[in-house]
Amino acid sequence: MFLTRKAQLVAPEQTLPGRSERTFSISERHRVLDAPVVTDEVPDGFEVAFFGLGCFWGAEEIYWQVPGVWSTSVGYAGGTTPNPSYEEVCSGATNHTEAVRIVFDPARVSYADLVKTFFEVHDPTQGFRQGNDIGTQYRSAIYYTSPEQEQVARELTAIYGAELERRRLGQITTEIRPASETTYYYAEDHHQQYLAKNPNGYRCHANTGVRFPETA
């Protein structure tokens, strides 16, 4: 991955100007799930979840393997610059984090289970980094799409945070915000399902090694 040492958000008025529209095309079908990659239209009864958990290549791979997940894509969320490029996001001058957009069937997998997976497969205590990946684009984030998702996200964050603090592993730094406050921009096509295209590609799975408490 493109490595940057910039680890501080910039003032919104100082972010890059970006552009009015996307300047690249994206493949229509998901290489693994055979669903649309661009999921602006979601099947009836399905829900959308957004997570930032470090390098989005490995994060997407984890979620496309979860039964009940219909489609995944990678992109940029939580920032200011419209339609940013990967290089711009990695510069730290857009305030975006690398994110995964997940469309799932709640009849088959609960949002709570997706959040539990989120906490188990990355380290939510590291601030603007994941392992050796340093920068604001690697920060931990949950962008919820409904009041119900917010309640679940906050409740599970409190439970997992208490477990980490009990083990003296630090405090959770995960950013929790409504998805309506931030626009999700799809990443360039070569980043979509990157590890299906490059099976030996880079995976950053920094994590605490702590499973979500069974009582939750």
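In which sense do strand β2 and β8 pair, and over how many bridges?

Analyst: Strand β2, residues 69-77, pairs with β8 in the antiparallel sense over 2 bridges. G75 stands opposite Y186 in β8. Strands here are DSSP runs of E with at least two residues, and helices are runs of H or I with at least four, numbered from the N terminus; two strands pair if DSSP finds at least two bridges between them. The model is predicted, so that local features need pLDDT of at least 70 and side-chain atom pairs count only at pLDDT 80 or more, while totals for chains, interfaces and linings use all residues. Residues are numbered from 1 along each chain as its sequence is written, and side-chain values use heavy atoms, with hydrogens and water left out.

Both strands belong to an open sheet of 6 strands with mixed pairing, in the order β7-β6-β1-β3-β2-β8. Because β8 (185-186) and β7 (175-178) stand at the edges with a single partner strand each, one side of each is left without a neighbour in the sheet.

Helices also meet β2. Helix α1, residues 56-64, lies across β1 (47-53), β2 and β3 (97-104), and runs at about 165 degrees to β2. Helix α3, residues 111-120, packs on the sheet and touches β1, β2, β3 and β6 (140-144); its direction makes about 10 degrees with that of β1. Contact means heavy atoms within 4.5 Å; axes are lines fitted to C-alpha atoms, for helices over the stretch in contact, with angles from 0 to 180 degrees between N-to-C directions.

In total, the chain has 5 helices and 8 strands.
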